[in-house]
Amino acid sequence: MFRCLGTTQHLKSRVGHGYMLDVKLTSMKEEVQAVEAEKLNNLIFHHFPSTHILEQFGPRVSYKISAFEVTSLAQTFEILEQGRLL
């Protein structure tokens with residue numbers, strides 16, 4: 001039997017390994033989705049090189065981003081927001 005002892009923040013700091021980013025692409029056309037996904041992948045991998053794609057299905061893409069590459073959540077959201085305008 002396993003038990004977790006500690007606050008949620010303590011457990012996340014001790015065993016948490018990063019962040020998940022789920023993105024839904026805006027276009028419903030497959031051709032446009034492919035181009036949007038490529039731009040998104042380039043943006044994500046440029047800023048967070050050790051990122052892994054967990055799942056890509058239709059207009060949805062899920063990424064696993066290492067906690068070591070995220071220096072600030074505010075900066076990460078700013079990067080994503082700027083990428084949205086591309």
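This is a predicted model: local features need pLDDT of at least 70, side-chain atom pairs count only at pLDDT 80 or more; totals for chains, interfaces and linings use all residues.

Author: Residues are numbered from 1 along each chain as its sequence is written, and side-chain values use heavy atoms, with hydrogens and water left out.

Reader: What elements does the chain have, and how are they defined?

Author: The chain has three helices and three strands, in the order α-β-α-β-β-α from the N terminus. Helices (H or I, at least four residues) and strands (E, at least two) are DSSP runs, numbered from the N terminus.

Reader: Why is Tyr-63 called buried?

Author: Buried means under 20% relative accessible area, exposed over 50%, and partly exposed in between (1.4 Å probe, protein chains only). Tyr-63 has 0% relative accessibility, so Tyr-63 counts as buried. Thr-76, in helix α3 (residues 73–84), has a relative accessible area of 11% and is therefore buried. Buried residues make up 23% of the 86 residues in the chain.

Reader: Why is Phe-45 called partly exposed?

Author: Phe-45 is at 31% relative accessibility, so Phe-45 counts as partly exposed. Tyr-19 is in strand β1 (residues 18–24); at 32%, Tyr-19 is therefore partly exposed as well.

Reader: What makes Phe-45 and Tyr-63 an aromatic pair, and why is it edge-to-face?

Author: Rings of Phe, Tyr and Trp (its six-membered ring) pair if their centres lie within 6.5 Å; planes under 30 degrees apart count as stacked, over 60 as edge-to-face and the rest as tilted. A search of the whole structure finds one such pair. Phe-45 and Tyr-63 have centres 6.4 Å apart and planes at 80 degrees, which makes the pair edge-to-face. The pair links distant parts of the chain, with Phe-45 in helix α2 (residues 30–47) and Tyr-63 in strand β3 (residues 60–66), 18 residues apart.

Reader: What makes up the largest nonpolar core?

Author: A nonpolar core is a set of buried Ala, Val, Leu, Ile, Met, Phe, Trp, Tyr and Cys residues joined through side-chain atoms within 4.5 Å. The largest one has twelve residues, among them Leu-25, Leu-40, Tyr-63 and Val-70. Two or more residues each come from α2 and β3, and α2 gives the largest share, four residues.

Reader: Which residues does Thr-76 touch?

Author: Contact means heavy atoms within 4.5 Å. Not counting residues up to four places away in sequence, Thr-76 touches Phe-48 and Val-70.
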